[in-house]
Amino acid sequence: MVEIRFCNTTRKLEDAMERMMRAKRVAVDLEGRDLGRDGEISLVQLYCEGDDVVYILDATADMSGLEDYIYDLFSDDSILKVMFDCRSDCDALRHLWGVDHFNHIMDLQLLEVLTRKGSLQRSNTRIKSLKKCLKEFSISDTKNQDVVSKKMENEGSAFWMKRPLQKQLLEYAAEDVSALFKLRGAIWLKRTDYWPDQRIILDASSRYAYLKADIEDSKVLQSPFHNNSLLPLLVITNANQRRYRNCKGCQRKVREQKKGSKSPFCVVCQRVEREAGETGGPSTLILLQKTTMCRKGDECRRKMLGDCRFAHEREELRCRTFALEGVCNNPRCNLKHTHLE
């Protein structure tokens, strides 16, 4: 068990960051309420490879320079930041603390995918949670993870903002970040036949870090297209493609599909749609009917048949936010706010 140093004063913060800025590799993790741009950061956990101390920085405490220190840590390309599923963490850091440099990160969730044989560039490639990876590689006891996961299911994540924090929560936060280097080593030992070049991992991790942070509309991030267990397209490999288009689901620019495909969704979002239908969940394709103008206009064959899911007149256009969430708080919105029959 590593020692936990809870840093809630400026002096303790300075001591912790002095150690971090001298390291070559630092494991980083965050906890908070609804972690992301619309939430709050509660803790920043830092752990140097080979140390026996985890530094937990209290983001709710009055510590001068905390955001600047974290900005400097991520801006220093001589320090490798090891993370696991960095998407929400980086979204929070960018929009809440102004951190905008995510170019020297190794994301172990992607590394685990990269070391699988023949798993890349498929629409059904699954990503694994940290808890599942720790169990698979027998890294550490997940008892605290089970307790905290159940607590989050019952109470949400607001408990991270309460002080003082329970001992079990601090242990959970410390165990997560201190296990990352062990996980990296376990992947190395068991998957050496498929170990990729580090440049591939870093490039993919950088794209992963900006995945949510670059989305302008935060409401898009609440859709099932950004909350699923499928690997997003064009994260691990950025193949040279001449034609790109915007996916109507995840709102990302992805490469053009095969000739003849008319779906407005990328192949990953199409699978999300299919699985939602198979499990009885709401189909976003249905919810989004009449929220976009039809590009074919009067030449649309579906319009003649009366079953085109796109709008052909301005008066038909439905509000996308209302269609997905059932409510629109924009007083200037002049689109239709009606449910489909």
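**Helix packing in a predicted chain**

Helix 1 and helix 2 run roughly parallel to each other, a label that goes to angles under 35 degrees, while those over 145 count as roughly antiparallel, 65 to 115 as roughly perpendicular and the rest as oblique. The contact (heavy atoms within 4.5 Å) takes in Leu13, Glu14, Met17 and Met20 from helix 1, plus Leu66, Tyr69 and Leu73 from helix 2. By class, that makes six nonpolar residues, no polar ones and one charged; here Ala, Val, Leu, Ile, Met, Phe, Trp, Tyr, Cys and Pro go down as nonpolar, Asp, Glu, Lys and Arg as charged, and the others, Gly among them, as polar. As for the geometry, the axes of helix 1 (residues 10-20) and helix 2 come within 11 Å and cross at roughly 5 degrees. These axes are lines fitted to C-alpha atoms, for helices over the stretch in contact, with angles running from 0 to 180 degrees between N-to-C directions.

All of this comes from a predicted model, in which local features need pLDDT of at least 70 and side-chain atom pairs count only at pLDDT 80 or more, whereas totals for chains, interfaces and linings use all residues. Residues are numbered from 1 along each chain as its sequence is written, and side-chain values use heavy atoms, with hydrogens and water left out.

Zooming out, the chain has 13 helices and eight strands, taken as DSSP runs numbered from the N terminus (helices H or I, at least four residues; strands E, at least two). Some 46% of its 341 residues count as buried, meaning under 20% relative accessible area, with exposed being over 50% and partly exposed in between (1.4 Å probe, protein chains only). Among contacts in the chain with a separation of 6 or more, 63% involve residues 24 or more positions apart.

Back in helix 2 (residues 66-75), the buried residues include Leu66, Ile70, Leu73 and Phe74. They sit on the same side of helix 2 because they cover an arc of only 90 degrees around the axis, judged by the directions from the helix axis to the C-beta atoms.

A second pair is helix 7 (residues 167-178) and helix 8 (residues 180-190), whose axes come within 4 Å and cross at roughly 35 degrees. Asp176, Val177 and Ser178 of helix 7 touch Leu180, Phe181 and Lys182 of helix 8, giving three nonpolar, one polar and two charged residues.

Helix 7 also holds Leu170, which counts as buried at 17% relative accessibility. Beyond its neighbours within four places in sequence, Leu170 contacts Ile4, Phe6, Ile56 and Leu165. Leu43 lies 127 residues from Leu170 in sequence, yet 9.4 Å away in space, C-alpha to C-alpha.
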